[in-house]
Amino acid sequence: MVKTLNWPGFGLDIAPFPTTESRTQVVDDFFSEVHYALFLRKIKEIGKILLDYKNGLSHPKVNNQYMVTCLVSSSELKTGDTSFLEYVLFHISEHVPKIENIFECDRLKFFLNKNHKKGKKCRHTEKILLDPDNRIPQSENFQAEHYTAELFTESEHLSSMQEEFRKKFGDNEKSYLLIFSHYVPCTIKHHHCAELLGRYVDVTGQQVVVGYEKVFPETDFFKSIDSMKAIKVVHPQIQRLRL
Ligand SMILES: [Zn+2]
């Protein structure tokens with residue numbers, strides 16, 4: 001079901017967008033999209049700085065796609081405490097000269113697509129996050145059964161972020177994986193990024209929230225959203241709200 005979301009007081013008409021009632025939500029409904037948007041805006045700001053820096057150094061420029069992921073705690077979301085992201089923003093200039101295709105700072109990571117070389121296929125940011133060693137070959141049709149909880153647990157990117165999260169919050173605090181991706185996770189053949197993220201949540205139960213800015217022309221937006229049924233997807237106009 002698709003309907004127009006009117007948000008009284010903000011003068012926004014956002015359409016079309018699948019409503020939460022039409023999707024199976026795994027993400028806790030305790031937090032509203034506005035809670036997540038506060039964090040997604042900061043994460044996006046960090047990503048833009050890193051992308052612009054990278055583009056300033058690269059000829060030809062890298063493409064527009066970048067993805068930033070960060071594990072945040074339930075208490076940070078509850079209180080709107082973005083001090084960790086402010087810390088990253090404050091110190092980012094110390095790191096930019098060292099940026100490769102992946103940048104990491106504690107429990108935050110930045111990814112660019114890995115372009116194809118010597119006959120190898122291009123790998124998208126979601127695949128790099130979830131299967132960094134490329135253990136599962138990319139195929140025309142998405143083969144969900146190959147992506148197991150064990151495979152995801154062994155991702156060096158996920159495990160190092162989780163380790164940093166545990167150091168800070170211990171074992172009992174619930175974590176939320178926030179992802180800002182310039183393009184909504186794609187549905188392009190051989191990539192299937194939306195299905196890959198959906199599968200990750202289905203087999204691990206991790207809470208995941210995705211923000212995005214644009215839809216790549218080859219992506220079927222509604223198929224993308226449908227593939228991420230258990231993921232909260234925050235619409236870009238909500239991310240732009242200043243509260
Ligand atoms: Zn993709």
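Is the crossing of H1 and H3 left-handed or right-handed? We will reach that pair at the second stop.

**Before you start**

Your viewer shows a predicted model, where local features need pLDDT of at least 70, side-chain atom pairs count only at pLDDT 80 or more, and totals for chains, interfaces and linings use all residues. Residues are numbered from 1 along each chain as its sequence is written.

**Stop 1: the whole chain**

Show the cartoon of the chain, which has nine helices and eight strands. These are DSSP runs numbered from the N terminus: helices are H or I with at least four residues, strands E with at least two. Of the 243 residues, 35% are buried (20 or more other C-beta atoms within 10 Å of a residue's own, with C-beta atoms placed from the backbone; exposed is 12 or fewer, partly exposed in between).

**Stop 2: H1 and H3**

Now select residues 33-57 for H1 and 83-95 for H3; they pack at an angle of about 15°, with axes 10 Å apart. Axes are lines fitted to C-alpha atoms over the stretch in contact, and angles run from 0 to 180 degrees between N-to-C directions. The two helices are therefore roughly parallel, a label for angles under 35 degrees. As for the opening question, the crossing is left-handed: the near helix is turned anticlockwise from the far one by less than a right angle.

Show side chains next. Phe39, Lys42, Ile43, Glu45, Ile46 and Ile49 in H1 meet Leu85, Val88, Leu89 and Ile92 in H3. Contact requires C-beta atoms, placed from the backbone, within 7 Å.

**Stop 3**

Beyond neighbours within four places in sequence, Ile43 contacts Val68, Cys70, Leu85, Leu178 and Phe180.

**Stop 4: Phe110**

Go to strand S5, residues 108-112, and pick Phe110. Phe110 is buried because 27 other C-beta atoms lie within 10 Å. Draw a line from its C-alpha to that of Val68: the separation is 4.4 Å, although they are 42 residues apart along the chain.

**Stop 5: Tyr212**

Finish in strand S7, residues 207-214, at Tyr212. Tyr212 counts as buried, with 23 C-beta neighbours inside 10 Å. Leaving aside neighbours within four places in sequence, its contacts are Ser181, Tyr183, Val184 and Pro236.

Definitions and conventions:
Angles under 35 degrees count as roughly parallel, over 145 as roughly antiparallel, 65 to 115 as roughly perpendicular and the rest as oblique. Two residues are in contact if their C-beta atoms, placed from the backbone, lie within 7 Å.
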